[in-house]
Amino acid sequence: MAEDQVTLLVVDANPENNWYSMFKNFRTKSGRSRIKVEQTEWNLIEVESCSPDGKCHMSIAPSPEPIQGSSQKSQRQCQPDFVLVRQFVKTLHGRDFLPTLSAFLFCDLPAVNSLRSIYLS
């Protein structure tokens, strides 16, 4: 029997923050599901489809500075069960990733921190 898992998408551009190791061997509160982490930054996310029932399919490009032992060195597909945002949605250099955040809001993707408050900030 395959082990259940939930996918946590962490949006954090700082490669010194290794969310893979922070959540290693963690399980959901029920203890039935393992937590799989996908860590990336806004500019590497391409939302392919989303629906208002929480299903959000995305493609994540390889990281320019992959964390050793992670999946960041390759292109990957992801359908997160929830998201944690640790990166500003607007950069100091004028890049704006509000469309990606809007897709997360549209599909009502559960989040550790409030996506609406990030959108409004």
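Trainee: Which residues of α2 are buried?
Mentor: Those are L98, T100, L101, A103 and F104. Buried means under 20% relative accessible area, exposed is over 50%, and partly exposed is in between, with a 1.4 Å probe and protein chains only. Helices (H or I, at least four residues) and strands (E, at least two) are DSSP runs, numbered from the N terminus.

Trainee: Before I go on, what am I looking at here?
Mentor: A predicted model, where local features need pLDDT of at least 70 and side-chain atom pairs count only at pLDDT 80 or more, while totals for chains, interfaces and linings use all residues. Residues are numbered from 1 along each chain as its sequence is written, and side-chain values use heavy atoms, with hydrogens and water left out.

Trainee: OK, back to α2. What do its buried residues pack against?
Mentor: They pack against β1, β3, β4, β6 and α3 (115–120). Contact here means heavy atoms within 4.5 Å.

Trainee: And what follows the helix?
Mentor: D108 follows α2, and its phi is positive, near 55 degrees.

Trainee: Now the sheets. What's the strand order in the antiparallel one?
Mentor: It's an open sheet of 3 strands in the order β3-β4-β5. Two strands pair if DSSP finds at least two bridges between them. β3 and β5 (76–78) are at the edges with a single partner strand each, so one side of each has no neighbour in the sheet. From one strand to the next the twist averages 20 degrees. Axes are lines fitted to C-alpha atoms, for helices over the stretch in contact, and angles run from 0 to 180 degrees between N-to-C directions.

Trainee: How many bridges link β3 and β4?
Mentor: 5 bridges, in the antiparallel sense, with β4 covering residues 56–60. Helix α2 (residues 98–106) packs on this sheet and touches β3 and β4, its direction making about 30 degrees with that of β3.

Trainee: Who does S49 face in β4?
Mentor: S49 stands opposite H57.

Trainee: Then the other sheet: parallel or antiparallel?
Mentor: Parallel, with 3 strands in the order β2-β1-β6, and open as well. β2 and β6 (82–85) sit at the edges with a single partner strand each, so one side of each is left without a neighbour in the sheet. β1 (residues 4–11) and β6 pair over 4 bridges, and the bridge partner of V11 in β6 is V85.

Trainee: Why does E41 count as buried?
Mentor: Because its relative accessibility is 16%.

Trainee: And P15, where is that?
Mentor: P15 is in the loop between β1 and α1 (19–22). P15 is partly exposed, at a relative accessible area of 33%. Not counting residues up to four places away in sequence, P15 touches E65 and I67.

Trainee: Last topic, the largest pocket. Which element gives the largest share of its lining?
Mentor: β2 does, with 5 residues. R34, I35, K36, V37 and E38 are among the lining residues, and so are Y20 and F23.

Methods:
On a 1 Å grid over the protein atoms alone, a cavity is a set of points where a 1.4 Å probe fits but cannot get out, and a pocket is an open set with protein on both sides within 12 Å along at least five of seven lines; lining residues have an atom within 4 Å of a point.
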